[in-house]
Amino acid sequence: MDSATSEKSIIALDGWLQTPAGVYVRAWEQACLDMLTVDIFGFNALQIGMPQIDALAANRMPNQWLADTHLPGPAQVLHPAGGRSRIMLSCDELPFASQSLDLVVLPHVLEFAAEPHQVLREVERVLIPEGQLIICGFNPASLWGLRQAAGRVAGSHYLPRAGEFISMPRMKDWLKLLNMGVSQSHFGCYAPACRTEKWLHRYAFMDQAGARWWPYLGAVYIVQAIKRVKGMRLIGPAWTKKPATASAGVPVTNKRREHQDG
């Protein structure tokens, strides 16, 4: 996917997120991100893309940024996520120093990026050791993935057309190559690919049933990974131990000599 196609795909995703299905996805992802980020501590956190949700709403880091790759729409300018100032950047060349960020969130960035591998490499570069990465993506092994595959043949797409959706096993392989260990993964949105709020509401019961009976077939997933550094280990406090003092003994030879003199 070239840069121009990637830009058009991201803009198409912005429009799709305003549909009933998009609202359905945003609600689940917002709840899951709030749960994951509330206990991640540090100083610097970054969300890239998808300003329609506030991925850092529950996080308490003092420095938080919302970044995107294209100019925001009028509604997003008036109401940016979390009231944060918005910065423009290129995902494959992040304007941050190496090992400077504690948390990076990528909501549906990799599947619409021109070079997703380069985006991951840049994120790994800017994360501190033991820094955390959270990725949101569409699951191709789901009812929505099947609907999208059928739409490519019939010419009627359910999700944005140019997105290259990445499966969970493939995503884990990419992260493993960068020494990023997956700590948690979650699937959600089990309703069929409906276009109206009425039918999505009718299939709401499938969210509970799917999470129990077919947990890996949710339409979207969220992966949390930690940057591992080889040869690094946490060192606890250096407790100083005083050596035990023993009383000096009298040489035996001295006692024997005193006995002979007596």
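I take two strands as paired if DSSP finds at least two bridges between them. The model I am reading is a predicted one.

**Entry 1, strands.** I looked up strand S4 (residues 101-107) and found that S4 pairs with S5 in the parallel sense, over 6 bridges. Within this pairing, Leu103 stands opposite Gln132 in S5. I then followed the chain from S4 to S5: it passes through helix H4 (residues 116-126), and this β-α-β crossover is right-handed.

**Entry 2, S5 again.** I checked the other pairing of interest and noted that S5 and strand S7 (residues 220-227) run antiparallel, joined by 7 bridges. Here Phe138 stands opposite Val220 in S7.

I counted 12 aromatic pairs. In one of them, Trp16 and Trp144 have ring centres 6.1 Å apart and planes at 80 degrees, so I list the pair as edge-to-face. Trp16 belongs to helix H1 (residues 3-16) and Trp144 to helix H5 (residues 143-154), so the pair ties together parts 128 residues apart in sequence. Both residues are buried.

Trp144 also pairs with Tyr24, in a tilted arrangement with 6.2 Å between centres and 50 degrees between planes. Tyr24 lies in helix H2 (residues 20-37), 120 residues from Trp144, and Tyr24 is buried too.

I noted one aromatic cluster whose members include Trp16, Tyr24, Trp144 and Phe138.

I found Arg202 over the face of Trp199, 4.5 Å from the ring centre.

Technical notes. Residues numbered from 1 in each chain as written. Predicted model: local features only at pLDDT ≥ 70, side-chain atom pairs only at ≥ 80, totals over all residues. Heavy atoms only, no water. Phe/Tyr/Trp six-rings, centres within 6.5 Å; stacked < 30°, edge-to-face > 60°. Helix = DSSP H or I, 4+ residues; strand = E, 2+ residues; numbered from the N terminus. Buried < 20%, exposed > 50% of the residue type's maximum accessible area, 1.4 Å probe, protein only. Lys NZ or Arg CZ within 6 Å of the ring centre and 35° of its normal. Right-handed = clockwise from strand over helix to strand, strands pointing away.
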